[in-house]
Amino acid sequence: MSLKHVFAVVTLLSTSAFAEEDLKPAQEEAKAKLEGEIEDALKATNDKCGTKLEVKTDFQNFKTDDWSGTSFSSYCESVIQEIGSMCERPAYKKAIAKKVTGVACLFGGVKPAEKKDGSNDATLRNMSIDKGVFTYHMSSKDHANLGDNTKATLEKAFN
């Protein structure tokens, strides 16, 4: 493991919660699982985009029953990977390097689906960019096409 790789892990581990709260054992396990599973995607995106993005989460809001049988880390990983994919487009790479400083994959604050929603509306309503942080309020229900919706959120924010 290279020193750069170790630094990325330490950075990820030290910044992954908004508030230092005592987590329940299941929340601690979920946190470790997410950190391990998004590590490669985060490194690849940072390398591709020339960024030092950090991922923040709110595991104090993680509820095992809501995510049982679901690969919750893949939701966050999809967002990170799409940010990296956008860096294949030179103009967006420049915008991301300048305007995106972090990613927040949150369990709390999810805006529920509405009756009139199309397949992407609930997902888009739960994605935003504010003060340099791409925020995704994750839900195991009603969210679709994470990559496409991440791309749409970035395009809307920068255009």
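Which residues in α5 meet which residues in α7? Before I answer, please keep in mind that this is a predicted model, in which local features need pLDDT of at least 70, side-chain atom pairs count only at pLDDT 80 or more, and totals for chains, interfaces and linings use all residues. Residues are numbered from 1 along each chain as its sequence is written, and side-chain values use heavy atoms, with hydrogens and water left out.

So, to the contact: Y92, A95, I96 and K99 in α5 meet L154, E155 and F158 in α7, where contact means heavy atoms within 4.5 Å. By class, this contact has 5 nonpolar, no polar and 2 charged residues, with Ala, Val, Leu, Ile, Met, Phe, Trp, Tyr, Cys and Pro counted as nonpolar, Asp, Glu, Lys and Arg as charged, and the others, Gly among them, as polar. Helices (H or I, at least four residues) and strands (E, at least two) are DSSP runs, numbered from the N terminus.

The axes of α5, residues 90-99, and α7, residues 146-158, come within 11 Å and cross at roughly 80°, which makes α5 roughly perpendicular to α7, a label given to angles of 65 to 115 degrees. Those axes are lines fitted to C-alpha atoms, for helices over the stretch in contact, and the angles run from 0 to 180 degrees between N-to-C directions.

Staying with α5, its residues Y92, A95 and I96 are buried, that is, under 20% relative accessible area, while exposed means over 50%, with a 1.4 Å probe and protein chains only. Seen down the axis of α5, the buried residues fall within an arc of 100°, so they line one face of the helix; the arc is that of the directions from the helix axis to the C-beta atoms. They pack against α2 (25-49), α4 (72-86) and α7, whereas the face of α5 turned away from the buried side carries the exposed residues P90, K94 and K98.

Let me turn to the sheet, where 4 strands in the order β1-β2-β4-β3 form an open sheet with mixed pairing, two strands being paired if DSSP finds at least two bridges between them. β1 (54-57) and β3 (127-130) stand at the edges, each with a single partner strand, so one side of each has no neighbour in the sheet. β3 and β4 (residues 133-137) run antiparallel and are joined by 4 bridges, and M127 has Y136 in β4 as its bridge partner.

Finally, K131 lies in the loop between β3 and β4 and is exposed, with a relative accessible area of 78%.

Technical notes. Parallel < 35°, antiparallel > 145°, perpendicular 65-115°, else oblique.
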